[in-house]
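Okay, thanks everyone, I'll keep this short. Have a look at the chain on the screen while I talk.

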Amino acid sequence: MVVLTLAALFHDSGMVVIDPNKCDLDEVRKNHHLYSTEVIKKYFEAYLKEMDDYERIMKAVIFVSESHNKSIDDIVNDEKCQRVDRIATYSVHYGILAFLLRIGDLMDIEADRVNNFRMLMLR
């Protein structure tokens with residue numbers, strides 16, 4: 001749960017760390033998931049370095065966060081998608097967490113970017 005929560009918190013952070021006056025906004029949107037990785041690394045280094053399994057948790061958070069803006073094919077073809085790690089007494093299923101974040105991410109899309117089926121269901 002910690003991995004999913006941290007990935008949810010940071011997955012779009014790459015949208016706000018880039019100076020919009022110096023970058024093309026379409027490029028930022030396209031690659032924000034990669035920029036978010038740098039935010040995650042800095043946060044872990046500054047605040048979570050003393051946590052048990054720090055590096056393993058960070059790697060899982062980065063994979064889940066980056067996956068939210070990748071194609072389904074790119075996610076399932078990534079060998080990390082099949083990874084199941086054991087952190088403390090918990091199993092961390094990278095692929096399952098990545099898809100859960102994608103589902104949640106779809107729920108915060110504005111009306112003009114969401115699929116019609118979901119909008120019909122909300123009427």
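Let me start with the wording for angles: under 35 degrees counts as roughly parallel, over 145 as roughly antiparallel, 65 to 115 as roughly perpendicular, and the rest as oblique. Just so you know, this is a predicted model, where local features need pLDDT of at least 70, side-chain atom pairs count only at pLDDT 80 or more, and totals for chains, interfaces and linings use all residues. Residues are numbered from 1 along each chain as its sequence is written, and side-chain values use heavy atoms, with hydrogens and water left out.

So, the overall picture: we have 6 helices and 2 strands, in the order α-α-α-α-β-β-α-α. Those are DSSP runs, helices being H or I with at least four residues and strands E with at least two, numbered from the N terminus. Of the 123 residues, 37% are buried, meaning under 20% relative accessible area with a 1.4 Å probe, protein chains only.

Now the helix pair. How do α2 and α3 pack? Helix α2, residues 25-48, and helix α3, residues 54-67, sit at about 155 degrees with axes 9 Å apart; axes are lines fitted to C-alpha atoms over the stretch in contact, and angles run from 0 to 180 degrees between N-to-C directions. α2 and α3 are therefore roughly antiparallel. On the α2 side, the contact (heavy atoms within 4.5 Å) includes L34, I40 and F44, and α3 brings in residues including I57, V61 and I62.

Methods
Buried < 20%, exposed > 50% of the residue type's maximum accessible area, 1.4 Å probe, protein only.
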